[in-house]
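Me: I would like to learn how to read a protein structure, one feature at a time. Please give the general idea first and then the case at hand.

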Amino acid sequence: MAIQELELKPAVPASPLSGFWNVFRKNRLAIAGLAMLVVIVIAAIFADVIAPYDPRSYAGIGAGDIYQPPSAQHWFGTDDAGKDVFSGFIYGARNSLIVGFFAAFISIFIGGTFGIIAGFYGGRIETFLMRFTDTMLVIPDLPLIVIFVALTEPSLWNIILVIGLLGWTTTARIVRSQTLAVKSRKFVLRARAIGAGNRHIIVHHILPLVMPILVVNAILVISLAILSESTLAFLGLSDPLAISWGQMLNFAFGRGAMSVGAWWALVAPGFGIVWVVLALTLLGNGLEQVLNPRLEAHHLMPGQPTVQKEAGEVPARGAFVKTPVILDVQNLSVEYINEGKPPARAVQNVSFQLHEGEMMGLVGESGCGKTTLMLAVNRLLPAAGQIVGGKALFNGIDLTTASDEELADLRWSGISIIFQGAMNALNPVRTVGDQIAEAIRKHMPIENEAALDSRVTELLELVGISAEHKNHYPHQYSGGMRQRAMIAMALSCSPQVVIADEPTTALDVMIQAQILELLDDLRRKLGLAVIFVTHDLGVVAEMCDTVLVMYGGMTAEYADVDTIYNQPRHPYTQELLKAFPDLSNPEKRLSSIPGYPPKLDALPPGCRFAPRCPLAFDRCKTELPRLHELGSGHVVGCHLLERP
C-alpha cells in the first residue's frame, strides 16, 4: 500500500477580484490609504460641484475679503486676492494629482523598460543603458528640471513631460537589480526549457515579480512628482493659469501671508500634499501584500485536511529490452569561459545512448558535471557555458547546432526537465495550474479554455494532486506536492524524454519514496525514456536500466545496472559502492573517498581521479586514460585495463 500524503486545504478564492479584495481588506492601513486617496480623487473630479466658489473669478470680491480667517462662509479662509482657499484647494487637487500620476507613469515606464532590458539581456546593452543611467543620476534632478522648464513654455503638460523624463533613473537601477535576481531563478530556466521566447519570459515571469517593486517605487515617484511641481510653482515656473497646491504655496509666501499671520493660506495646500503622499504610502503597502502572494497564508496555516491518492499501483519490474535510440550523445564537451582565467572544462567527451522506455542513472559527486551535461543537451547553459565539441542527436536532429526555433519546438514536447528544487523552479506569483497550462499553450493546439483546464486537471490527478489545488500558489503546496506538480508539468506536452535532475532533493525519506515510485510508475505507464540524475546509488539499483558514472566532467564507467553493481571496473565506481550501505551484508564496513573532486579550471594533468585513487600508478598522473569498451556496452576510462 502506497503511503498517503496528508495536505491542508486552504480556502479557494471564488475569483481573482474577490481574492484580491480578501487579502487587501485585511490591511487596515491600506484601506485607510485607499479611502484617503478616493476622497481626494473624487474631490478633484467633482471640483466644479463641490467647490462653493469659482477660484478663477473675482466676482463679488472686495478689499475687505483679503486674508480673512476661516469662517462659516469660507471654511479655509481667503487668500491675498480675497478668493476662497477651500475652493482653490479643491481645484488645486486636480492639477496636482494630474502632474503626480502622469509624470510618475512616464518615469515608471521609462525606468522599468530600461531596467528590465538591461537586467535581462545583459552584455553591451546593459553596459550602455546603465552607463547612461549613471550619467543621469549624477546630475541633480531639481536643477535640471528647473532649467528645462525655464527654457520651455510654462504649461502643465510641459511640466509633466519634464518631470517624467528626468525622474526615471532610480527606478531603472532598482528594476535592473530585481530583474538580475529573477533571471537567475530556476523557473525562468524552466520557462526557457519549454520553448518560451524572451518576450514571453519577460511578460509572464520577469514582469510579475518586478511589479511589486514598481508599485512601491511608483508611490515614491508620484510623491516626488507632486513635490517637484510644488517646487516649480513656488519658484514661479508653473502655468500661471493652472491652479495647483504648489501655486497656492507660491502665492501665499510671495504675497505676505506669513507677515499678516494668514497661516491658513499655507496649511491648506501643505495639508493636501501630505494627505496624498500618506495615502499613497499606505495604499502601496497593501498593494504589495496582494501582488506578492508569498506574504499570504501558506500550507501550514489551519485548514481542513484532505488525503491525496496515489497515481496507481507499481507493476513488478521486468528485464529491460533494447529499443530504438531516441537520444544519442556523442563526445559532448562543455567549457565555462572566464575572462583572464583558463576555461573550466565542465564536461569532456561524454557519450551515451538513451533508448525508448529506458531509465538511465547519471551518478557522481557534486561538481562532476552531471547537471551541466543535461543543460548542454537542452542548450540551456548560462552565458559563460559553451559547447566546444560533440553532438546530441534527438531523433536525428543535432541539438547542438539546431536553430532557436527548432529548439523551441523540441523543448518540452520532445525533451522535458524536472528541475532540482521545485520551489525555485515554480514562479511564486503564478498559480501551479497556470504554469502547467503555459507549456501546453506553447506546444499543443488547445484553443478551448475548457479543454485546457481539463488537461491541467488530468495531469494533476495523474500525479496524485486533486483538482481543487489547481489554483493554489506554490507556497500553498507541501514539498511533495510541489515535486509532483513539477512531474505533471514535465508530462504536460507528452514528451519522449524526461530529465529528472535530482527530483527528491530536500524531501524527507517517506516523500522521496512516493515521488520515486510515482516517477517509475509513470515511466512504465507512458513509455517514457528517463535520465535520472542522482547521488543515491540505492535508487539507481532499484529503478535504472543503465548507469553513467561521471567524474571530473568525464565518463568513468558506463554499463547496464547489473554490471555496474556486480562487476565495476573503474576504481571510482568501486569506491562509490564501498560508501553505499548493503542491507544484505550488514557486516560490511562503509568507507568514504578521501579528498575532493578536482576544480574544473585547475584539472590534474593525467587521470582526473588519480589524486584520490587507491590504485593509481605513475602513468595515471601524467596521461589522460582513453575509454575502453569491454563488450555488451560496458565502457570504462581507466589505465588499469591496459595493465597485464
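Me: Which residue stands opposite Arg 345 in β4?

Reply: The model is a predicted one. Strands of a sheet pair through backbone hydrogen bonds, either parallel or antiparallel. Here, Glu 335 is the residue that stands opposite Arg 345 in β4. Strand β3 (residues 325-336) pairs with β4 in the antiparallel sense, over eight bridges.

Me: What is the order of the strands in the open sheet?

Reply: The sheet has four strands, in the order β4-β3-β6-β7, and the pairing is antiparallel. The edges are held by β4 (344-355) and β7 (397-398), each with a single partner strand, so one side of each has no neighbour in the sheet.

Me: Which strands pair with β10 in the parallel sense?

Reply: Strand β5 (residues 359-363) runs parallel to β10 and is joined to it by five bridges. Strand β9 (residues 497-501) also pairs with β10 in the parallel sense, over five bridges.

Me: Are the faces of β10 covered or uncovered?

Reply: In a regular strand the side chains alternate between the two faces of the sheet. In β10, both faces are covered. Ala 529, Ile 531 and Val 533 are buried on one side, and Val 530, Phe 532 and Thr 534 are buried on the other. Six of the six residues in β10 (residues 529-534) are thus counted as buried.

Me: Now for charges. How many salt bridges does the structure hold?

Reply: A salt bridge here is a side-chain nitrogen of Lys or Arg within 4 Å of a carboxyl oxygen of Asp or Glu. The structure holds 20 salt bridges. One of them joins the side chains of Arg 523 and Asp 520, at 3.1 Å from N to O. Another is formed by Lys 525 with Asp 521, where the closest N and O atoms are 3.9 Å apart.

Me: Why are Arg 523 and Asp 520 separated by about one helical turn?

Reply: Because they are three residues apart in helix α19 (residues 509-526). Lys 525 and Asp 521 are four residues apart in helix α19, and their separation is also about one helical turn. In helix α22 (residues 571-578), Lys 578 and Glu 575 are three residues apart, again about one helical turn. The side chains of Lys 578 and Glu 575 meet in a salt bridge of 3.3 Å, N to O.

Me: Which residues of these pairs are buried, and which are partly exposed?

Reply: Arg 523 and Asp 520 are both buried. Lys 525 is partly exposed, with a relative accessible area of 45%, whereas Asp 521 is buried at 4%. Lys 578 is partly exposed at 40%, and Glu 575 is buried at 10%.

Me: Which residues are linked in a network of salt bridges?

Reply: The network links Arg 190, Arg 430, Asp 434, Glu 438, Arg 441 and Glu 449.

Me: Which residues make the nonpolar surface patch?

Reply: Val 38, Ile 42, Ile 45, Phe 46, Val 49 and Ile 50 make a patch of about 550 Å². Helix α2 gives the most, with three residues. Val 49 lies in helix α3 and counts as exposed, at 68% relative accessibility.

Me: Which residues gather in the patch of negative charge?

Reply: Asp 404, Glu 405, Glu 406 and Asp 409 gather there, on the surface. Glu 405 belongs to helix α14 (residues 404-410) and counts as exposed, at 56% relative accessibility.

Key: Residues numbered from 1 in each chain as written. Predicted model: local features only at pLDDT ≥ 70, side-chain atom pairs only at ≥ 80, totals over all residues. Heavy atoms only, no water. Patch = residues over 30% accessible without salt bridge, like charges linked within 9 Å, V, L, I, M, F, W, Y side chains within 5 Å. Areas by Shrake-Rupley, 256 points an atom, 1.4 Å probe, with all protein chains shown as cover. Lys, Arg positive; Asp, Glu negative; His and termini not counted. Charge placed at Lys NZ, Arg CZ, Asp CG, Glu CD. Helix = DSSP H or I, 4+ residues; strand = E, 2+ residues; numbered from the N terminus. Buried < 20%, exposed > 50% of the residue type's maximum accessible area, 1.4 Å probe, protein only. Pairing = 2+ DSSP bridges.
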